[in-house]
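Work through the exercises below with the sequence and the 3D structure at hand. Each task is followed by a worked solution.

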Amino acid sequence: MRDPYAVLGVDRKASEAEIKSAFRKLAKRFHPDRNKDDPKAKEKFGEANRAYEIVGDKQKRGQFDRGEIDAEGKPKFAGFEGFPGAGGDPLGAGGPFGGFEYRTTRSRGGAGFGDAEEILSSIFSGAGRRGFSGARNGPEPSLDVQAEARIEIGDLARGKANVTLENGRTLAFSLPPEAANGQVVRLAGQGRKAAGRKPGDLLISLRIAPHPRFTVSGADLRMNAALPLETAVNGGKIEVETVDGRISLAIPAWTDSGTVFRLKGKGLPKKRGGHGDLLVNAEIRLPAVRRHALESLFAKAETPR
C-alpha cells in the first residue's frame, strides 16, 4: 500500500484531529453504498481504511514513523516475517463488503486516538457499535416532512402565509416573491427529529387559490373592470379594486372595450424589489335599465336617408 499519510492527504506532522477529519471526508466520499457503480471507489475506500488503521492509532503511527512497521502494518525486523500473524493481514481479512478488506482501528490499552468504526457509524447515523449494518441495509428513512399550503392573493401581497401540519400545528412562513403554483418552500430543521441525526426539513408545496377578480401573472395582477357605455363615450371615472383597497381610475372619452390600463406598483412583490403592476381590462357594459333615448338614438342612426 502507498504511504498512509499520502493516502489520507495529510502531512506527517498532522494532528490527530486533522487525520481523523481527512479520513471522515474520504470515507464519506468513497463509501461503496454511495458509489455502487464505481469499483474504483470501493478500492479507494479500502485503502483509506487501511491507512487510517496505521496513522489513526498512536502506537502504530509511532511504529510506522520509527520504521518498525511498513504501510501494511507488517514488522520490518528480520526474522519476524514468517511468524504467525506478522505477515498478511494483521487483523484478519474479509469484511461486510466481501472483496475488499474492512478493518477498524480500536484503541488497545488506551493507546489509540481513532476508531474507524465510530467515525463511519457517525457518518452514516449508526447507533451504538453496529458498524456498517445500517449502511448495508439501505439509507436511513428521511426526516423531511411534506405539507401543502393554500395561498390567497392577500398572502402573496403580504409575503406571508400559514400552513397546518398533520399534528394540527400551524406554522407561519415567508413566501418568496413571485411565488408560483406548485412551488416548494423548504424550511430547514422544521421536519421530524431523531436521536443522533440532523432534524429534517419541512417541504411546503404552494397551491395558489383562484381569485374571483384577480389573475396572477408573475408579479403582475390582471383583472376585468365593467365600463359603463356612457363613460366609455364621454369619459369619466370608475372604481376598481386593488389588493390595497378600491381606487378611482380615470377613463378618457371614447374608450373602446378591451382597452388595458396599467396601474404601476399595484401588483405583487417582485424578486428584485418593488412591486408589479395591476392591469385593468375595460369591458363596456350596457346600462342595467333600458333607456329609450339610447334606443332612439341608434334607431335614428339606422334609418336610411
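Two strands count as paired if DSSP finds at least two bridges between them. The model used here is a predicted one.

**Exercise 1.** State in which sense E6 and E7 pair, and over how many bridges.

Solution. Strand E7 covers residues 220-228, and E6 pairs with E7 over 3 bridges. The sense of this pairing is antiparallel.

**Exercise 2.** Find which strands stand at the edges of the open sheet of 4 strands.

Solution. Begin with the strand order, which is E6-E7-E11-E10, with mixed pairing. Strand E6 (215-217) and strand E10 (260-263) each have a single partner strand, so one side of each lacks a neighbour in the sheet. These two are therefore the edge strands. On average, neighbouring strands in this sheet are turned by 35° against each other, direction ignored.

**Exercise 3.** Decide how helix H3 is oriented relative to helix H4, and which residues make the contact.

Solution. H3 spans residues 39-55 and H4 spans residues 58-65; their axes come within 5 Å and cross at roughly 90°. Angles of 65 to 115 degrees count as roughly perpendicular, so H3 is roughly perpendicular to H4. From H3, Glu53, Ile54 and Val55 make the contact; from H4, Lys60, Arg61 and Phe64 do. Sorted by class, the contact has 3 nonpolar, no polar and 3 charged residues.

**Exercise 4.** Name the residues with the most contacts inside the largest nonpolar core.

Solution. Leaving aside neighbours within four places in sequence, Phe173 is in contact with residues including Ala149, Val185, Leu187 and Ile204. A separate second core has 21 residues, among them Ala14 and Phe45.

Definitions and conventions
Residues numbered from 1 in each chain as written. Predicted model: local features only at pLDDT ≥ 70, side-chain atom pairs only at ≥ 80, totals over all residues. Heavy atoms only, no water. Axes fitted to C-alpha atoms, helices over the stretch in contact; angles between N-to-C directions. Parallel < 35°, antiparallel > 145°, perpendicular 65-115°, else oblique. Contact = heavy atoms within 4.5 Å. Nonpolar A, V, L, I, M, F, W, Y, C, P; charged D, E, K, R; others polar. Core = buried A, V, L, I, M, F, W, Y, C linked by side-chain atoms within 4.5 Å. Buried < 20%, exposed > 50% of the residue type's maximum accessible area, 1.4 Å probe, protein only.
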